[in-house]
Amino acid sequence: MRLQVVDHPLVAHKLTTLRDKRTDSATFRRLADELVTLLAYEATRDVRTEQADIETPVAPTTGVKLSHPRPLVVPILRAGLGMLDGMVRLLPTAEVGFLGMVRNEETLEASTYATRMPEDLSGRQVYVVDPMLATGGTLVAAIQELIKRGADDVTAVVLLAAPEGVEIMERELAGTPVTVVTAAVDERLNEHGYIVPGLGDAGDRMYGSA
Ligand code: URA
C-alpha cells in the first residue's frame, strides 16, 4: 500500500474550515466537494489514457483521452456520497458503483448492507471514496471486496486519516496495488473511534444530523 498526503496550501485551508465546528452543513458540503476535487487531481495522476487523434480549428494533432475500460468510482455510503461529485467532475467517463457499509459503534467493526457494482472488475482502475480513514475496518473490507472482484489498481481517496487506520491498511493490504490519498494524517483515534483532532462525524456534518 502506498500513502500520499497532499501537501498544498489550498488543501490545508479548506481542511481547516472543515475541521472548525462553527462551519455549517451547507458550507461543509461545498468545502468537502472542493477538497475532493483537489485530492482527485493528485489521485488520478496515473489514470490510464489512450492516444486520441483530433483536429483543432488550425491543424490535426494527437492527444490523449481517458481509456477503456472506464474507471470505476465507488463511494462508501453514507458519507462517501458527499465526495462523489468531486470525483466524477474530474473523471467524467467514470462508471459509479456503490457500497453501503456501517460501523458498529461498540465493536467498531464494519459490515456491508448494500452492494451495487459490476461483478467483474478485472483490469479496472477503481477509486473508492470515504471521508474518514479511522480504524480502517470499513476501507479494508471495501478494498478486499474490490480486489476479490478483480480490480487491479485501487485508490482510496479520504479527507482525513488516523495513524491507526493507516497502519491497519498497511498490514491488511500489504502487497496489494492500493494507494491512499489524503489531505492529512492526524494525531490519533480516541476511545470512541473518532479521529483527533479530526472534524467530528463527517456524515452528520454533511447531512445536518449533528
Ligand atoms: N468517522 C467519522 O465520521 N469521523 C471520525 O472521526 C471517525 C470516523
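Analyst: A strand is a DSSP run of E, at least two residues long, and strands are numbered from the N terminus. In this predicted model, Ala-110 is found in strand β7, residues 110-116.

User: Is Ala-110 buried, exposed or partly exposed, and why?

Analyst: Count neighbours. A residue needs 20 or more other C-beta atoms within 10 Å to be buried, and 12 or fewer to be exposed. Ala-110 has 18, so Ala-110 is partly exposed.

User: Which residues is Ala-110 in contact with, leaving aside neighbours within four places in sequence?

Analyst: Ala-110 touches Met-101, Arg-103, Gly-137, Thr-138 and Ala-141. Leu-139 is another residue to look at: 29 residues from Ala-110 in sequence, but 8.8 Å away in space, C-alpha to C-alpha.

User: Now helices. At what angle do the axes of α1 and α2 cross?

Analyst: An angle over 145 degrees counts as roughly antiparallel. Helix α1 (residues 9-19) and helix α2 (residues 25-43) have axes that come within 10 Å and cross at roughly 155°. Therefore α1 is roughly antiparallel to α2. The crossing is left-handed.

User: Which residues make the contact?

Analyst: From α1, they are Leu-10, Val-11, Lys-14, Leu-15, Thr-17 and Leu-18. From α2, they are Phe-28, Leu-31, Ala-32, Glu-34, Leu-35 and Leu-38. By class, the contact has nine nonpolar, one polar and two charged residues.

User: Which residues of α1 are buried?

Analyst: Val-11, Lys-14, Leu-15 and Leu-18. They span an arc of only 100° around the axis, so they lie on the same side of α1. Pro-9 and Ala-12, on the other side, are exposed.

User: What covers the buried residues of α1?

Analyst: The cover includes α2 and β11 (178-185).

How values were computed. Residues numbered from 1 in each chain as written. Predicted model: local features only at pLDDT ≥ 70, side-chain atom pairs only at ≥ 80, totals over all residues. Axes fitted to C-alpha atoms, helices over the stretch in contact; angles between N-to-C directions. Helix = DSSP H or I, 4+ residues; strand = E, 2+ residues; numbered from the N terminus. Parallel < 35°, antiparallel > 145°, perpendicular 65-115°, else oblique. Left-handed = near helix turned anticlockwise from the far one by under 90°. Contact = placed C-beta atoms within 7 Å. Nonpolar A, V, L, I, M, F, W, Y, C, P; charged D, E, K, R; others polar. Arc of directions from axis to C-beta.
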